[in-house]
Amino acid sequence: MNSMLAVPSRNVAGLLFTALALGGTAGTPANRIAGDPAAVSAKLSEWKVELSHNSITAGPVTFTVTNTGNIPHAFEVEGQGIERETTVIQPGSSATLTLTLKPGTYEVYCPVGNDSHKKLGMQTGLRVLRAADAAPPPYDDAATREPAPKVQAIRVTGGGPVIQILPGPFPFPDSAAPILQQFGDEREGLESQVKNGPYSNNVTPSTGTFTFTAWDKGAVRDSVDGIAEFTTQDGVRWKLVLDRVQTKDVPHHPRFGGVILGLYYHGNTAVHTPLVPTINSAVALWAFGHLYKNGGLVTDNALVHVMLLSRTRRDGDYALACWDCSRNKIEELQLQILPGPGEAKFDAAGGFLFVNWEKSSSSKLAS
């Protein structure tokens with residue numbers, strides 16, 4: 001795939017490139033007057049690609065692409081030796097792409113974020129037919145039925161030095177500033193975290209363990225099972241029990257059904273916060289947790305975000321070492337715990353808990 005970054009830039013029911021019915025919106029392929037390109041319109045939004053026709057006859061075709069979403073997207077067609085894309089399309093804007101397509105199947109997707117937008121569900125299929133094959137076949141329900149999503153699972157074990165991250169300034173404010181422009185109502189809160197937030201170089205040694213298993217089943221069927229135990233700088237012993245994911249999306253922060261395996265995001269991708277460097281992850285999950293402090297229950301609804309990601313912090317002082325850390329080894333296990341909706345801040349520095357295991361490992365489990 002031709003990778004591409006959008007510097008200023010829902011749940012995924014299943015990221016499967018499925019067989020498509022031959023009909024478009026009208027149930028027939030888009031045909032053409034001899035010599036003229038077929039016309040196909042496309043709409044891009046968070047997080048889908050919609051085509052006016054899912055099949056066309058071979059020959060020239062002009063795609064008119066409109067970004068109806070809230071952040072920048074782009075449009076790419078790949079297959080049969082062709083790989084062409086538009087430039088980045090800003091929200092509310094349009095672009096055209098004219099190609100000559102041979103018979104066969106093509107993948108159509110948003111290439112922004114080096115596959116992150118595509119993995120979020122912005123992909124569909126296009127079938128190109130010979131003119132003699134353009135009449136629609138008899139209706140076959142089996143041809144349009146999506147196969148059941150494959151269950152994927154991962155087991156993660158925290159290891160190596162354990163650190164607690166305390167409030168402080170974000171060390172790459174100039175790099176994050178252009179991306180923050182895209183965050184609308186969230187921008188003010190994020191800009192305050194640039195000055196004093198959880199993604200800082202203010203760290204202290206800690207101790208603890210964290211092991212969990214996560215299942216990526218698609219849509220709202222994901223699940224997690226795990227326990228984290230650690231001690232913070234003030235000597236308090238914390239325990240977190242994970243047994244259910246959270247799936248409610250907010251702009252820029254899709255939950256992917258709660259668990260997603262493998263994603264390039266954060267930083268300059270405009271997916272999730274730019275206050276974490278650009279990273280690759282083996283797994284990311286969003287969950288509700290039972291949180292205990294010195295053996296007593298604090299809440300059954302702590303908001304939890306976990307990532308096993310490419311290393312962002314250097315050895316020794318564990319400061320954030322890079323704005324784009326996506327090529328580093330995936331071994332940093334990050335645990336962030338926030339109060340549940342309507343609940344008071346935790347009795348901890350900054351009112352939140354943020355702990356990293358710097359040399360962690362994972363293994364994929366059989367479906």
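Predicted model: local features only at pLDDT ≥ 70, side-chain atom pairs only at ≥ 80, totals over all residues.
**Entry 1: the cavity.** I then listed what lines the cavity: Ile165, Tyr199, Leu275, Val276, Pro277, Thr312, Arg313, Leu320, Gln334 and Phe354. By class, the lining of the largest cavity splits into 7 nonpolar, 2 polar and 1 charged. Going by the classes, Arg313 has to be the charged one, because Arg counts as charged.

Entry 2: Next I looked up the largest pocket, which holds about 770 Å³ of space. I found 28 lining residues for the pocket, with Gln193, Tyr199, His253, Gln336 and Leu338 nearest its centre. Sorted by class, the pocket lining has 12 nonpolar, 13 polar and 3 charged residues.

**Entry 3: the overall count.** I stepped back to the whole chain. My tally of secondary structure is 4 helices and 21 strands. The protein has 367 residues, and 51% of them are buried. Its accessible surface comes to about 15,900 Å², and carbon and sulfur atoms own 50% of that.

**Entry 4: the cores.** I wanted to know which residues touch the most other members of the largest nonpolar core. They are Phe63, Phe75, Leu101 and Leu126, in a core of 60 residues. There is also a second, separate core with 33 residues, including Ala228, Leu240, Leu291 and Val306.

**Entry 5: the cysteines.** I searched for disulfides and the count came to 1. Cys322 is joined to Cys325, S to S 1.9 Å. That pair passes as a disulfide because 1.9 Å falls within the 2.5 Å cut-off. How is the disulfide of Cys322 and Cys325 handed? I read a torsion of about 115 degrees about the S-S bond, so the disulfide is right-handed. Both Cys322 and Cys325 are buried. I also checked Cys110, which sits at 0% relative accessibility and therefore counts as buried.

Entry 6: Most residues other than glycine have a negative phi, and most peptide bonds are trans. I therefore went looking for departures from the rule.

- Glu46 and Trp47 are joined by a cis peptide bond, with omega about 0 degrees. I place Trp47 in the loop between β1 (38–45) and β2 (48–51).
- Gln80 is not a glycine, yet its phi is positive, about 50 degrees. Gln80 belongs to the loop between β5 (76–79) and β6 (82–85). Buried or exposed, or in between? With a relative accessible area of 36%, Gln80 is partly exposed.
- Asn294, no glycine either, has a positive phi of about 50 degrees. I find Asn294 in the loop between β17 (279–293) and β18. Asn294 counts as partly exposed because its relative accessibility is 40%, which lies between the 20% and 50% limits.

Note on methods:
Residues numbered from 1 in each chain as written. Heavy atoms only, no water. Buried < 20%, exposed > 50% of the residue type's maximum accessible area, 1.4 Å probe, protein only. Core = buried A, V, L, I, M, F, W, Y, C linked by side-chain atoms within 4.5 Å. Helix = DSSP H or I, 4+ residues; strand = E, 2+ residues; numbered from the N terminus. Areas by Shrake-Rupley, 256 points an atom, 1.4 Å probe, with all protein chains shown as cover. 1 Å grid on protein atoms, 1.4 Å probe; cavity = no way out; pocket = protein on both sides within 12 Å on 5 of 7 lines; lining within 4 Å. Points joined across faces, edges and corners; volume = space filled by probe spheres on them.
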